[in-house]
Amino acid sequence: MDEQTAIASARQGDHRAYAWLIGRYKHMVFTVCSRVLRHREDAEEATQDVFVKAYQHIGGYQGGSRFSTWLYSIAYRTALSKLRTRKAGTLGLDELQANGQEPQQAPEGDRNDRKALVEWALAQLPAEDAAVVTFFYLEELGIEEIVTITGLGESNVKVKLHRARKKLLTILQDHLKEETWTLHVD
Amino acid sequence: MDAPRRLTDTEADRKLRYLFAQAGPLHAPDDIEARVLRHLAAQPAARVIEDKPLIASWIWIAIGTFLLGLIVYSLLAPLSVDPAGSTYQRYLHDLTLPDLGNVLRSPWTIMGLACAAAFLSLEAYLFRPQAVRSGR
């Protein structure tokens, strides 16, 4: 089955075709939700909500952008909305993002466990920045696509990326001794 | 020993991209498809709302047939009206179309057209494709 066929069939209410689309994108959607929410159960719930919402609105997907872009946009917004709801009334989003993660110990003895290392480093970034970095470095999306997904301005995305890159390199340079991690600081 | 060289943004991007690729995405629960489909199945089936036209097509056909008949009749009917003819026939032949030039020059027509143009422009402006918001 190819993606366009699956989308067309899902539009007609074909659940099997939609399950195929879920299988294709579930890991990335879950990753985005996790990077924003930093809580496994919340991220699982958000992932489920994303796919339910996407199914309900698949008729509105016009094919103007890639399906993944459209889906990640739903994922990003759903996760942010959950994050706001979780902390509603206690903190503003900026404070929330700054304080979104309890300080954690760096993963020890797992220099080869890159996943844990990346997760630990990303957990020290604000939620929005972690999502932007994930789109840019993991999914290898361009700035324009990230702008479409997040609704942020182009310059804002670039600033977030620059800031996140600097912070990630600062965090990671002590943990990747085998490589020359010297940060280029302006 | 040489001092370590500073990374350019491109080099840093390349290294981070490599690191992220090695780490890969997080793994979603295996049963997420089943969960979503269960959720979708539990929802009431979407009600299909048909877009019914305000005036049914058979009414349009009837109106069209009537008007066409009227026009054909007025063209084919004899010019001289028999005074003994029906009221309907007399009325039909008394009908005179207004002078189109005068109608178009009327301030009411001009104002009507201007209003229509203004409303159409307003609609086009309000329903234009939205650009991506810049900033929040």
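Here are some friendly notes on this predicted model, taken point by point.

1. Let me start with chain B.

2. Next, the contact between the two chains. Chain B brings 32 residues to it and chain A brings 36. On the chain B side, the elements that give two or more residues are α1 (9-23) and α2 (32-42). The most comes from α1(B), with nine residues. By class, the chain B side divides into 16 nonpolar, seven polar and nine charged residues.

3. Within chain A, please look at helix α2 (residues 15-37) and helix α4 (residues 67-86). Their axes come within 9 Å and cross at roughly 30 degrees. An angle under 35 degrees counts as roughly parallel, and that is why α2(A) is described as roughly parallel to α4(A). The crossing of α2(A) past α4(A) is right-handed.

4. Which residues make this contact? From α2(A) they are Tyr25(A), Val29(A), Val32(A), Cys33(A), Val36(A) and Leu37(A). The α4(A) side is made by Ser68(A), Leu71(A), Tyr72(A), Ala75(A), Tyr76(A), Ala79(A), Leu80(A), Lys82(A) and Leu83(A). Sorted by class, the residues of the contact of α2(A) with α4(A) are 13 nonpolar, one polar and one charged.

5. Helix α7 (residues 127-138) and helix α9 (residues 154-172) pack with their axes 9 Å apart, at an angle of about 90 degrees. Because of that angle, α7(A) and α9(A) are roughly perpendicular to each other. On the α7(A) side, Glu128(A), Asp129(A), Val132(A), Val133(A) and Phe136(A) take part. They meet Val157(A), Lys160(A), Leu161(A), Arg163(A) and Ala164(A) in α9(A). The contact of α7(A) with α9(A) has six nonpolar, no polar and four charged residues.

6. Now for the largest nonpolar core, which has 61 residues. In soluble globular proteins, nonpolar side chains tend to be buried together. The members that touch the most other members here are Val32(A), Cys33(A), Val36(A), Ala75(A) and Ala79(A). By element, α2(A) supplies the largest share of this core, 12 residues. Val32(A), Cys33(A) and Val36(A) also belong to the α2(A) side of the contact with α4(A), while Ala75(A) and Ala79(A) belong to the α4(A) side.

7. What does Val36(A) touch, not counting residues up to four places away in sequence? Its partners are Ala79(A), Leu80(A), Leu83(A), Ala127(A), Ala130(A) and Ala131(A).

8. Two backbone angles deserve a glance. Arg38(A) is not a glycine, yet it has a positive phi of about 55 degrees. Arg38(A) is found in the loop between α2 and α3 (40-56) of chain A.

9. Glu140(A) has its place in the loop between α7 and α8 (143-150) of chain A. Is Glu140(A) buried or exposed? With 11 C-beta neighbours inside 10 Å, Glu140(A) counts as exposed, since the cut-off is 12 or fewer.

Technical notes:
Residues numbered from 1 in each chain as written. Chains lettered and ligands numbered in written order. Predicted model: local features only at pLDDT ≥ 70, side-chain atom pairs only at ≥ 80, totals over all residues. Contact = placed C-beta atoms within 7 Å. Helix = DSSP H or I, 4+ residues; strand = E, 2+ residues; numbered from the N terminus. Nonpolar A, V, L, I, M, F, W, Y, C, P; charged D, E, K, R; others polar. Axes fitted to C-alpha atoms, helices over the stretch in contact; angles between N-to-C directions. Parallel < 35°, antiparallel > 145°, perpendicular 65-115°, else oblique. Left-handed = near helix turned anticlockwise from the far one by under 90°. Core = buried A, V, L, I, M, F, W, Y, C linked by C-beta atoms within 7 Å. Buried ≥ 20, exposed ≤ 12 C-beta atoms within 10 Å, placed from the backbone.
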